[in-house]
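Subject: Handover of a structure and its findings

Dear colleague,

Please find the structure below, followed by an account of what was found in it. I would be grateful if you read the two side by side.

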Amino acid sequence: MNRFLLIIILGILSTASAVGRETITGTVVDRKGEPIPGVKVEIPGSSEFVFTDLDGKFQIILREPTKKLLFSYPGTGEMAYKVSPEMHIVLGKGMAQPDKRFRYMLDLEGGIGIKGRTTIKSGNNIIQNIQTFLLTGPIYTWGYQINNHVFAGLGFGAYLDISRCREIEEGHSYYDSWMNFPFTGVHVPLFLAARYDFGLTKKTAPYVDLRVGCMGFIGTDGHICSAYHYDYDIYNSSYLTVTKRNSFSFFIAPSIGYRVSIYKNFGMNFGIRYMTGMRNKLLAESSFDSHSGFNEEKSSIFKQRASDMILFNIGFDF
């Protein structure tokens, strides 16, 4: 009798244990659909794991409910996939070797100024809203992929500076000129870069990055804007010109964007960046000519202008 009861109890326990288990099967393949043997399939938070066979197939028993399984293979890092009864996993949709490797990025950036307008006045001449209107150019970054997410490196580039302004003759509004868009020079940035990718091994995934560095401006010889006034009553004339001078500044530029994997270690990036701290030195030169023969020239009007930029970028990493 006691033996019979023991058999019943053991049967109930084994049934309860079996009910609590779930068998998950699946196949792991590469981008071409070829099976990948030797992929480690692991249950998060436990020591239980299996490897795929020569056909890329696996079978693992879940003793407790879990939402994800971990898949790892040399060259692809560790990736998590949602559990389903029959799993079909494609490894290598994103970067094939994201961890511990050198990485290069080439971006083309362009954007508009949102801060830093300056007005200069001399006599009857006014130049309003002097501002870096457009900034565009290539940026190159080289560095090291520390792990599956974190990248750190160095970068440099060249931005073409196109400024705008409005020239006004005081008291003669009908002489106001239109907004000017002259090319004024080149900004050369040198910076430290840090980037965090949320899913390098995925087909598409967002990222955030940060640049901190210095920027030198190499100006042109020509003026960026000018204003002229002639008083017909007393036959006196005045002239005002503004040029950009070479300058140096520190800047900080955070960015958010999205990466799209194209092939193995080659990806395309789309992002938006906010850059603050870019400075320009303005030199204003004025002259006054009197009908009586009196002439006066001044070139001592200096102003520093800090510009903030919104930049859009499209680029590649490999």
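Is F71 buried or exposed? F71 is buried, with a relative accessible area of 0%; buried means under 20% relative accessible area, exposed over 50%, and partly exposed in between, with a 1.4 Å probe and protein chains only.

Please note the basis of these values. This is a predicted model, in which local features need pLDDT of at least 70 and side-chain atom pairs count only at pLDDT 80 or more, while totals for chains, interfaces and linings use all residues. Residues are numbered from 1 along each chain as its sequence is written, and side-chain values use heavy atoms, with hydrogens and water left out.

Aromatic rings

A pair of aromatic rings is described by the distance of the centres and the angle of the planes. Rings of Phe, Tyr and Trp (its six-membered ring) pair if their centres lie within 6.5 Å; planes under 30 degrees apart count as stacked, over 60 as edge-to-face and the rest as tilted. The count by this rule is eleven aromatic pairs. One of them joins F71 and Y81 edge-to-face, at 5.6 Å centre to centre and with 85 degrees between the planes. F71 lies in strand 5 (residues 68-73) and Y81 in strand 6 (residues 77-82), ten residues apart. Strands (E, at least two residues) are DSSP runs, numbered from the N terminus. Y81 is partly exposed, at 22% relative accessibility.

The rings of Y104 and F318 are stacked, because their centres are 5.7 Å apart and their planes are at 20 degrees. This pair links strand 8 (residues 101-115), which holds Y104, with F318 in the segment after strand 19 (295-317), 214 residues apart. Y104 is partly exposed at 27% relative accessibility, and F318 is partly exposed at 37%.

F58, F71 and Y81 form one aromatic cluster. Charges also meet rings: the charged end of K40 sits over the ring of F49, 4.6 Å from its centre, and that of R103 sits over the ring of F151, 5.9 Å from its centre. For this, NZ of Lys or CZ of Arg must be within 6 Å of the ring centre and within 35 degrees of the ring normal.

Nonpolar cores

A nonpolar core is a set of buried Ala, Val, Leu, Ile, Met, Phe, Trp, Tyr and Cys residues joined through side-chain atoms within 4.5 Å. The largest has 16 residues, among which I24, V28, F58, L69, F71, M87 and L91 touch the most other members. Strand 1 (22-29), strand 4 (57-62), strand 5 and strand 7 (86-90) each give two or more residues to this core, and strand 4 provides the largest share, three residues. A second, separate core has twelve residues, including F191, F251, M275 and M278.

A contact across the chain

M309 is found in strand 19 and is buried, at 0% relative accessibility. Which distance separates the C-alpha atoms of M309 and L135? They are separated by 8.0 Å, although the two residues are 174 residues apart along the chain.

Yours sincerely

Note on methods
Helix = DSSP H or I, 4+ residues; strand = E, 2+ residues; numbered from the N terminus.
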